[in-house]
Amino acid sequence: MTEFIQQLINGLSLGAIYALIALGYTMVYGILRFINFAHGDVYMVGAYMGFYLAPSIMRGFGQKSIASGIVILVAAMAICAALGIVIERLVYRPLRNRPKLTVLITAIGVSLFLENAGQYVFGPDPKAFPDIINDHAIEGLGDLTVTVSQVLVLAVTVALLLLLTWIVKKTKLGMAMRALSFNPVAASLMGINNDVVIAFTFGLGSALAAAAGILFAISYPSIDPLMGILPGLKAFVAAVLGGIGNIPGAALGGVLIGLVETLVVGYSDTIHIPSTYRDAVAFAILILILLFKPTGLLGAADREKV
Amino acid sequence: MLEIKDLQVCYGSIMALQGVTITVPTGAIVTLIGANGAGKTTVLRAVSGILKATAGAILFNGEEITNHPPHRIVGMGVSQSPEGRMVFANLTVRENLLMGAYLRKDKRHFAADFDYLFNVFPRLKEREKQVAGTLSGGEQQMLAIGRALMSKPKCLMLDEPSLGIAPLLVKTIFSKIVEINKQLSLTVLLVEQNANLALEISSYGYVLETGRIILEAPSAELRKNEKVRGAYLGGA
């Protein structure tokens with residue numbers, strides 16, 4: 001039993017990271033109906049921003065202090081939000097009225113660009129992410145091993161999810177996002193500047209990806225320019241699993257993918273699936289969901305307009 | 001107030017509007033009637049900036065607004081209740097109305113405007129917290145009109161408010177349009193297939209046929225016109 005709870009905790013903290021990335025996919029899809037395949041690479045850039053900013057921020061706000069952690073997180077999120085907005089402005093906006101396939105292929109191009117630019121600028125070799133928190137196992141939990149970083153990942157994710165929910169449900173821009181995703185023409189008839197809302201959506205999604213990058217690097221402190229590929233793809237699967245375009249769905253999908261992946265690895269001997277297949281799990285789920293419930297767990301069928 | 005001069009709009013190589021000229025004086029209800037596919041919606045979409053005009057000019061209070069982005073046109077005081085209502089089905093009635101007020105900065109006046117709208121359309125008050133997708137066609141039409149009013153327009157364009165709505169409710173909605181026009185001294189451009197009702201509440205009418213204005217006259221005269229009676233008023 002302890003073993004199972006242990007796996008659940010590990011899976012939750014991994015799933016939280018997928019969930020944060022998945023939100024960006026699903027929000028952009030909800031508004032523009034295309035998959036921004038460069039999103040996983042924004043997550044990578046987020047981790048690198050943390051890497052480069054951490055030493056000087058910790059000099060100013062204290063080594064491994066809470067203040068440093070928050071400043072590093074917010075700074076990386078702000079930089080990646082700007083990156084997301086720039087990508088949308090320079091690459092996707094000129095293609096706004098082109099066929100979706102054009103935009104999709106371009107997104108793959110942006111992804112390759114960021115990966116290679118990352119190798120050029122940051123160097124191709126993995127870097128050790130600095131200790132920005134005092135990570136250790138929390139005592140007094142018996143046989144359970146829960147680390148500070150795991151608790152931190154979950155706490156930050158929940159906080160960001162609440163913040164996002166508030167933005168989408170209660171603010172004017174959030175409402176405009178929902179209006180635009182339902183009907184862009186009607187949205188512009190309200191006086192909504194669709195370009196601004198789209199840029200805002202990219203910024204928001206990219207900021208969440210950056211947060212995921214930092215949280216990942218705190219938990220697994222080795223980062224490299226290609227680190228975004230697999231988590232990006234798995235988060236995409238998570239978004240599809242939850243119902244693409246559906247915000248709670250993306251969070252749920254992320255957590256589920258993280259849990260299943262961790263459980264498959266944890267119980268690989270019992271279920272006779274080698275733990276090296278961990279990355280295949282998400283894609284097996286993708287195939288199953290596309291076969292049996294293409295709208296995802298929480299997604300509603302998109303009614304064709306007549 | 002609103003002047004459309006020799007407006008041309010093309011869809012690819014097809015010319016949907018071949019030089020349409022319409023004048024809507026301040027405070028009036030002017031109607032644009034015509035059969036399905038004549039180009040009525042195209043006129044409104046071009047005025048709102050959703051479709052590009054290939055030639056001609058659109059003036060609002062003497063200022064050229066041709067091909068301005070839609071949000072600028074709303075900001076200047078021209079709003080539209082679009083064909084098919086296009087309410088945000090995923091938003092509540094209240095949120096839909098707030099979207100209508102998107103560009104307004106005077107939040108403190110919203111309460112009074114909500115009161116006014118709920119007074120005109122009591123059904124919206126009952127449904128305030130409901131998601132708009134659950135509303136009936138007639139209620140959605142009221143919401144679409146109310147939403148367009150929330151921007152505090154000087155000129156309101158209505159695209160087929162009678163479309164797909166129970167006849168009894170159509171009467172109500174048209175009487176509300178007159179009420180709003182009088183109370184807010186709001187200029188209205190009404191696009192309708194239901195020529196009978198449209199000519200009843202308007203002061204001036206235009207008849208559009210395959211992208212051209214073929215007839216224009218005070219509404220009372222149009223109702224007596226043989227051609228209009230034969231083609232649009234069921235020959236009655």
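In chain A, the axes of helix 2 (residues 39–61) and helix 3 (residues 66–92) come within 8 Å and cross at roughly 140 degrees. That makes helix 2 of chain A oblique to helix 3 of chain A, as angles under 35 degrees count as roughly parallel, over 145 as roughly antiparallel, 65 to 115 as roughly perpendicular and the rest as oblique. This is a predicted model, where local features need pLDDT of at least 70 and side-chain atom pairs pLDDT 80 or more, while totals for chains, interfaces and linings use all residues. Residues are numbered from 1 along each chain as written, with chains lettered from A and ligands numbered from 1 in the order written.

**The helix pair**
- Helices here are DSSP runs (H or I, at least four residues), numbered from the N terminus.
- Residues of helix 2 of chain A, including A:G46 and A:L53, meet residues of helix 3 of chain A, including A:A75 and A:C80; contact means C-beta atoms, placed from the backbone, within 7 Å.

**The core**
- The largest nonpolar core has 161 residues, and A:L20, A:C80, A:A210 and A:A211 have the most contacts inside it.
- Such a core joins buried Ala, Val, Leu, Ile, Met, Phe, Trp, Tyr and Cys residues through C-beta atoms within 7 Å; buried means 20 or more other C-beta atoms within 10 Å of a residue's own.
- Helix 8 (residues 194–219) of chain A gives the most to this core, with 16 residues.

**Where the chains touch**
- 15 residues of chain A are in contact with 20 residues of chain B.
- Helix 6 of chain A gives the most to chain A's side, with 6 residues.

How values were computed. Contact = placed C-beta atoms within 7 Å. Helix = DSSP H or I, 4+ residues; strand = E, 2+ residues; numbered from the N terminus. Axes fitted to C-alpha atoms, helices over the stretch in contact; angles between N-to-C directions. Buried ≥ 20, exposed ≤ 12 C-beta atoms within 10 Å, placed from the backbone.
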